[in-house]
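The sequence and the structure come first, and a description in short sections follows.

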Amino acid sequence: MPTHFWRGHWQGRNAAGQVHQRAREVVRPTGGILRGFVPSRKNGRLVHHEGLLERDAITLFEAHHRVAQYREQPMTLQYPDGPRLRRYTPDFEVVLDTGETVLVEVKPVRSLQVAEVGHKLACIAAHMTRTARAFLVLDTKVIRHEPRLSNLQQILQHADHLMPTAAAVAVALGQLGKHFPMPYQQAQKALATLHLRPANLLLMGYLWCNLDVPFSPATELHLMKEENH
C-alpha cells in the first residue's frame, strides 16, 4: 500500500514540506486568470495554481492514491517546431507511486480547438515521445467530470490533514475488514473508535467507492483490490 505521503507538520499556513521554486514566475499578472495557492497533503506545502482549472486538477492529484507527489511549473525545456527551437514549461510534473513521472498540461476544451494550440501541443508531444517522457493533456471535460470532481472535493474535506500510518490502517482493517462493504456513515462510526477516518483510507487507496454517483452518508465503501486500481 502507498507509503509516500508527507507526514510533516503545519505552522499556521506554512508547512514543513519540500521547497519548490517554479520554473516560470508570473511577474505582472494580467487578464482574468484567478491565481492562488492551496495547501497540499502530498507535498507538505502550498501549491500555486494559475486559474481555476489548474486548481481543480490539483484536486485530482490530491485525491488519487497512485499520485505520490507533484510540482507546479517544474521545469522549462526546449522542443523543435520545424526549423525553430521553442521553450515550454509544463503546468505540472506528477510523480506516481511507482516512481514514474508524467508531465501534465492543463487546457480548457475551447483552447484545444485553436489550430495554433493544437500544433504546439502536437510538437511538444512528438518531442516527449522522442525523449521518452510521459506527457498528458488534461482538458476541462476530464478534470471537471461530474459528479466525480464534487465527490473528490467532499472526500478531501472530510479527511484529516495528516495521513495515518500503514500500521494503524492494517490494525483497523484487520478488525473491520470483514464487514465491508458498508455505508460511509457506518464506516465513519466504526473507524472513529480507532481514531481513523474513512475519507483518509479512500485517499490512500485502502477503500474505494463509486465516484459516478453523488457522494453521501449512504455511499457504499469497498476494500480496494488490485483490479480496482
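## Aromatic pairs

Counting rings of Phe, Tyr and Trp (its six-membered ring) as paired if their centres lie within 6.5 Å, the model has 5 aromatic pairs. The rings of Phe-61 and Tyr-70 have centres 5.3 Å apart and planes at 50°, so this pair is tilted, given that planes under 30 degrees apart count as stacked, over 60 as edge-to-face and the rest as tilted. Phe-61 is buried at a relative accessible area of 5%, and Tyr-70 is buried at 1%, where buried means under 20% relative accessible area, exposed over 50% and partly exposed in between (1.4 Å probe, protein chains only).

Tyr-88 and Phe-135 form an edge-to-face pair, with 6.2 Å from centre to centre and 85° between the planes. Because Tyr-88 lies in strand β7 (residues 84–88) and Phe-135 in strand β10 (residues 134–139), this pair ties together parts that are 47 residues apart in sequence. Tyr-88 is itself buried, with a relative accessible area of 4%. Ring pairs also link Phe-61, Tyr-70 and Phe-92 into a cluster.

## Basis and overall make-up

This is a predicted model, in which local features need pLDDT of at least 70 and side-chain atom pairs count only at pLDDT 80 or more, while totals for chains, interfaces and linings use all residues. Residues are numbered from 1 along each chain as its sequence is written, and side-chain values use heavy atoms, with hydrogens and water left out.

The protein chain has 8 helices and 13 strands, taken as DSSP runs numbered from the N terminus (helices are H or I, at least four residues; strands are E, at least two). Of its 229 residues, 42% are buried. Among contacts (heavy atoms within 4.5 Å) between residues at least 6 apart in sequence, 62% join residues at least 24 apart.

Two strands are said to pair if DSSP finds at least two bridges between them. Strand β5 (residues 67–72) is joined by 5 bridges to strand β8 (residues 92–96), and the two run antiparallel; in this pairing Gln-69 stands opposite Val-95 in β8. Strand β8 also pairs with strand β9 (residues 101–107) in the antiparallel sense over 4 bridges, and Phe-92 has Val-104 in β9 as its bridge partner. β8 and β9 form a hairpin with 4 residues between them, and Gly-99 in the turn has a positive phi of about 95°.

Glu-72, which belongs to β5, is buried at 2% relative accessibility. Its side chain is joined to that of Arg-45 by a polar contact of 2.8 Å, meaning a pair of N or O atoms within 3.5 Å, of which, within protein, one must be able to donate a hydrogen and the other to accept it, with residues adjacent in sequence counting only if both atoms are side-chain atoms. A polar atom of the Glu-72 side chain also lies 3.0 Å from the backbone nitrogen of His-48.

In helix α7 (residues 184–192), Tyr-184, Ala-187 and Leu-191 are buried. They cover an arc of only 60° around the axis, which puts them on the same side of α7, the arc being that of the directions from the helix axis to the C-beta atoms. The buried residues of α7 pack against α5 (148–158), α6 (166–176), β11 (182–183), α8 (198–204) and β13 (220–223).

An open sheet of 3 strands runs in the order β11-β13-β12 with antiparallel pairing. β11 and β12 (207–208) stand at the edges with a single partner strand each, so one side of each is left without a neighbour in the sheet. β11 and β13 pair over 2 bridges, and Pro-183 has Glu-220 in β13 as its bridge partner.
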